[in-house]
Amino acid sequence: MFAKIIGLLALCLPLVQGGGASTALIERAGPNINTLLSEPERKWCPGTQVFFPGQKNYASLTTQRWSIYEAPSYLAAIKPACVADVQKVVKLCADLNIPFLPTGGGHGYSTSFGKLKNGLSLDLDAFKQVEVDKAAKTATIGGAATFGDVFDPLYAAGFEIPTGSCTCVGFLGGTLGGGVGRYQGIHGLIIDNLLSLQMVTAAGNLITVSATENSELFWGMRGAGFNYGVVVNATYKVHPLTNGGEVQVVDLIFTREQNETFFETLASFQGTLPPELALLTYIAWNATYNGTVAILDVSYPGPKDEFLRLVKPFTDLKPAYTEFQTLPWNRFLRQLAFQLNDLVCIKEQQHNMYSVGTKNLSSPDYISTFAKYDQLFADYPDTRFSSFEIQMYSTQAVVAVRHDSTAYPWRDIEAHITMQMSFTGSPTSPGAIAADNVAQELRTAFSKTSGYDQLAVYVSYAHGDEDPAAWYGKDNLPRLIELKKKWDPKNIFRYGNPLPSDYP
């Protein structure tokens with residue numbers, strides 16, 4: 001009954017590979033792209049397929065986007081069946097200046113992707129393998145495999161790995177920006193578990209990138225990987241199942257009248273999360289309660305008695321609804337938040353997202369945000385699929401990794417704040433405009449109390465209009481730009497929160 005409690009939330013890490021230096025122009029492919037892809041001289045591998053919009057079943061045969069808000073558009077899509085064809089496509093696009101975007105799960109929602117108009121979709125759908133080496137304790141994952149594709153093979157082998165927060169997001173795309181999630185307190189970010197990458201460079205070459213091969217590029221790929229190439233597969237270290245693979249979870253609903261005491265209790269957890277504990281809070285419209293509510297989902301791969309002790313401050317508030325479950329690791333994401341995962345994973349919806357990373361937890365800001373959303377939902381019912389989210393994950397294993405060992409700049413973020421604005425009408429409708437204004441106001445407000453001296457944003461949660469320093473960190477930008485000049489001098493990977501050509 002609670003499966004539709006809240007709208008399509010911003011639980012998802014993006015998987016659209018691609019990035020590069022900023023451009024103010026909307027770029028267009030040449031008119032002969034159909035002919036170029038269909039010419040016999042291409043000698044595509046058996047199984048490689050080319051699709052064109054307008055042909056029968058185009059949408060079902062190609063990977064569609066999660067969000068259609070300020071989305072890229074394509075004249076064609078190609079699904080390579082072999083790595084050699086990925087290389088051919090990249091080289092063809094580079095030689096003929098055809099704008100293209102490598103796509104795995106299609107969850108990249110930055111408005112920067114919308115700069116690509118009438119280009120080529122490089123659909124990696126054929127690269128979904130998940131190969132577990134039990135002896136080496138590693139897993140090799142294909143460029144289009146989703147988090148959901150990874151759970152069962154690893155669980156069956158007795159292993160786990162950090163993932164994002166919903167099953168339909170691509171694993172590689174979730175990796176390249178850093179990879180935050182519920183298990184980061186135990187195992188670090190996803191990039192902290194990355195051992196090597198097989199990637200196609202802007203020159204069309206297939207290379208290995210690791211700590212021992214192309215090590216400087218390996219640094220940049222872990223946090224800014226959208227800017228340098230197409231990853232066809234990656235190898236990660238995996239870990240024995242925590243608590244035997246058993247996860248304690250609870251979902252709680254707090255009504256409008258309870259929101260202040262709830263947020264004060266939530267803020268009291270600042271800096272105290274044990275490695276296994278993850279707290280995700282949503283402000284959303286709830287039809288059952290006919291109003292705005294706060295929803296908390298908690299996960300803990302540990303003993304039940306300890307879990308009950310940890311969540312007691314919340315259960316003592318006597319929430320309007322409480323549901324406890326004990327779930328296996330390979331199933332818990334699908335069951336959390338009243339089985340929200342399936343609703344979240346519906347594609348081709350309008351999602352306009354803003355985000356802020358914070359070191360501080362501010363209950364006054366959360367309480368005022370609740371009031372703003374409550375008013376928005378009352379004034380514009382078409383925005384009631386929008387949500388506000390506070391993702392609180394332990395940072396213990398994250399900050400244990402040297403800050404300069406990867407290009408990810410925000411290892412001490414205590415909470416990822418997201419304003420996920422969804423609406424049923426046009427992006428220019430009064431409700432959509434009002435929602436966008438609320439989101440921008442909240443981004444400014446939370447940035448001021450974040451504990452950072454600048455806007456800090458997890459790049460995979462970015463809106464796309466931020467200064468690049470917010471995504472990559474001021475100190476990292478010169479080094480990242482030099483890597484860009486070396487590995488993509490023609491700037492063919494120029495979408496997806498791109499690196500500037502120089503900074504400042």
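**Exercise 1.** Over which ring does the charged end of Arg-384 sit?

*Solution.* Start with the model: it is predicted, so local features need pLDDT of at least 70, side-chain atom pairs count only at pLDDT 80 or more, and totals for chains, interfaces and linings use all residues. Residues are numbered from 1 along each chain as its sequence is written, and side-chain values use heavy atoms, with hydrogens and water left out. Now apply the test for a charge over a ring: NZ of Lys or CZ of Arg within 6 Å of the ring centre and within 35 degrees of the ring normal. The ring is that of Trp-285, with the charged end of Arg-384 at 3.8 Å from its centre. Arg-222 likewise lies over the face of Phe-218, 3.9 Å from the ring centre.

**Exercise 2.** Classify the pair Phe-269 and Phe-314.

*Solution.* Rings of Phe, Tyr and Trp (its six-membered ring) pair if their centres lie within 6.5 Å; planes under 30 degrees apart are stacked, over 60 edge-to-face, the rest tilted. The whole structure holds 24 aromatic pairs. Here the centres are 5.0 Å apart and the planes at 15°, so Phe-269 and Phe-314 are stacked. Phe-269 lies in the loop between helix 8 (259-267) and strand 15 (278-286), Phe-314 in helix 9 (residues 304-315), so the pair ties together parts 45 residues apart in sequence. Helices (H or I, at least four residues) and strands (E, at least two) are DSSP runs, numbered from the N terminus. Both Phe-269 and Phe-314 are buried (under 20% relative accessible area, 1.4 Å probe, protein chains only).

**Exercise 3.** Classify the pair Tyr-373 and Phe-377.

*Solution.* The centres are 5.7 Å apart with 70° between the planes: edge-to-face. Tyr-373 and Phe-377 are both buried.

Conventions:
Buried < 20%, exposed > 50% of the residue type's maximum accessible area, 1.4 Å probe, protein only.
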